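Keep the 3D view open and follow along.

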There are 2 protein chains.
Amino acid sequence: MTTITARERLINAAVEAFAEKGFAATTTRDIASRAGMSPAAVYVHHDSKESLLFTVSLQGHRHALEIINTAAASTTDPVERIRTMVYDFSRWHADHSRVGRIVQWEYHALTPEHRTEVAVFRRSIERTMQDALTDGVAQGVLDVDDVPGTAFSLLSLGVDLVRWFEPGGSRSAHELASLHAGLAVRMVLRASPSRPPA
Amino acid sequence: MTTITARERLINAAVEAFAEKGFAATTTRDIASRAGMSPAAVYVHHDSKESLLFTVSLQGHRHALEIINTAAASTTDPVERIRTMVYDFSRWHADHSRVGRIVQWEYHALTPEHRTEVAVFRRSIERTMQDALTDGVAQGVLDVDDVPGTAFSLLSLGVDLVRWFEPGGSRSAHELASLHAGLAVRMVLRASPSRPPA
DNA sequence: GTCTATAATGGGATAGAC
DNA sequence: GTCTATCCCATTATAGAC
């Protein structure tokens, strides 16, 4: 049997509210009311509104890093690795667009200390993508001019989903992730050797 | 001689403040003080904080649409057209990252009426990119499975710049726009016909 | 651990003098 | 068209009863 603690109910409520209205525009009253509590009860479980944000953001960052690391380790074929990484990263952002929006858009609302803490995860995500590209280039399968820039651009496709994606819209998470994965492969694949013009 | 009106000074101040802290976290006192005025003076020139946002957002949307339309009309070669459109759109978002951030991130802070008004520009931008892809496919030069999805993804690269780009950072606006333009062409270019495997 | 009540602060917007 | 002063309300967070 799964027990949902008051603390978890508050976190779920915060995710909803922050994703819907943004951190600054969300009131603690709103969070409390979504969790079925009085405003005062919030502070029994969390120190402040920002600490709620940090909890959500940290969980989100952890999850996103886990997704990309798992994808990176799933195969050694450079092309399929890029395809899987981009698919899973974009898919995660669509499937968890509310948390993703908080992770990506409310980064600046964190205290400097908390921002520093989640920045470690962000760098690690970028690094994993860069490594996958570097490895594919070394194996002669990929062709990438600017590895850090391209890695960032591949991640951007997924990140930008959270700006607008809503479940039940005209495009499914799978459809968008597949689109991104296909585009990603075209961006980095070495052109197949063709007969040069005589 | 160029005269800067108080109204314009307020708009500039609002751009700075909204881009730095977000609409909800910006106070009218902050805007007034950046413009060198008292809080009361704001309301002589603008009806409300939201109307300031709308003014900034509308100008930004207009400008972005103009950029992409001009790029689309600059050449008839489908590949160079895509390259130019993506370059100019990404370049604009880097060069105007503050306005771009307001355009892209504060869309939901507009009143429903104002949101409807700027949505026209957003659809027009997407449409222009879709048309460029459709034309390139029709000419047999581009190969695009999902025209609306790909158009959106090409624009996403530029849009996502405003999330983090700061002038004076490690990468210039030109460098990033060139990167995006190069990736864009690879995403949509029809593979050169190569000898099929015997 | 939850409530009601409230403290303390800061918000958007306005009044009225100059 | 700008100011000072202020209204009125919402905000985050806490106190103290149960």
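Start where the two protein chains meet. Chain B and chain A bury about 2600 Å² between them, and carbon and sulfur atoms give 54% of that area. Buried area here is the accessible area, taken with a 1.4 Å probe, that two parts lose on being put together, summed over both. The size of an interface is often given in this way, as the accessible area lost when the parts come together.

A word on the model and its labels. This is a predicted model, in which local features need pLDDT of at least 70 and side-chain atom pairs count only at pLDDT 80 or more, while totals for chains, interfaces and linings use all residues. Residues are numbered from 1 along each chain as its sequence is written, chains are lettered from A and ligands numbered from 1 in the order in which they are written, and side-chain values use heavy atoms, with hydrogens and water left out.

Back to the interface. Chain B brings 30 residues to the contact, and chain A brings 30 residues. Contact means heavy atoms within 4.5 Å. Four salt bridges cross between chain B and chain A. A salt bridge is a side-chain nitrogen of Lys or Arg within 4 Å of a carboxyl oxygen of Asp or Glu. One pairs A:R186 with B:D143, and their closest N and O atoms are 3.7 Å apart. Twelve residue pairs, both at pLDDT 80 or more, are in polar contact across the interface of chain B and chain A. A polar contact is a pair of N or O atoms within 3.5 Å; within protein, one must be able to donate a hydrogen and the other to accept it, and residues adjacent in sequence count only if both atoms are side-chain atoms.

Which helices of chain B each supply at least two residues of the side that touches chain A? They are α6 (97-105), α8 (147-159) and α9 (173-188). α8(B) gives the most, with eight residues. By type, the side of chain B that touches chain A divides into 14 nonpolar, nine polar and seven charged residues. Nonpolar covers Ala, Val, Leu, Ile, Met, Phe, Trp, Tyr, Cys and Pro; charged covers Asp, Glu, Lys and Arg; the others, Gly among them, are polar.

Now take chain A by itself. Chain A has nine helices and zero strands. Helices (H or I, at least four residues) and strands (E, at least two) are DSSP runs, numbered from the N terminus. The C-alpha trace of chain A spans about 80 × 40 × 35 Å along its principal axes.

Chain A is divided into domain 1 (1-47) and domain 2 (48-188). These bounds come from an automatic or database domain assignment. The centres of the two domains of chain A, taken over C-alpha atoms, are 27 Å apart. In chain A, 18 residues of domain 1 are in contact with 15 residues of domain 2. The two domains of chain A bury about 1400 Å² between them, 73% of it on carbon and sulfur atoms. Between them the count is zero salt bridges. There are six residue pairs in polar contact between these domains of chain A, both at pLDDT 80 or more. On the domain 1 side, α1 (6-21), α2 (28-34) and α3 (39-45) of chain A each supply at least two residues. α1(A) gives the most to that side, with eight residues.

Turn next to the DNA. Around DNA strand D there are 16 residues, the closest being A:T27, A:R29, A:Y43, B:S38 and B:H45. A residue is near a strand if one of its heavy atoms lies within 4 Å of it. α3(B) gives the largest share of the surface near DNA strand D, four residues.

Finish with DNA strand C. Of the 15 residues around DNA strand C, A:S38, A:V44, A:H45, B:T27 and B:Y43 come nearest. A polar side-chain atom of A:H45 lies 2.6 Å from a phosphate oxygen of DNA strand C. The side chain of B:R29 has an N or O atom 3.0 Å from a base nitrogen of DNA strand C. The largest share of the surface near DNA strand C, four residues, comes from α3(A).
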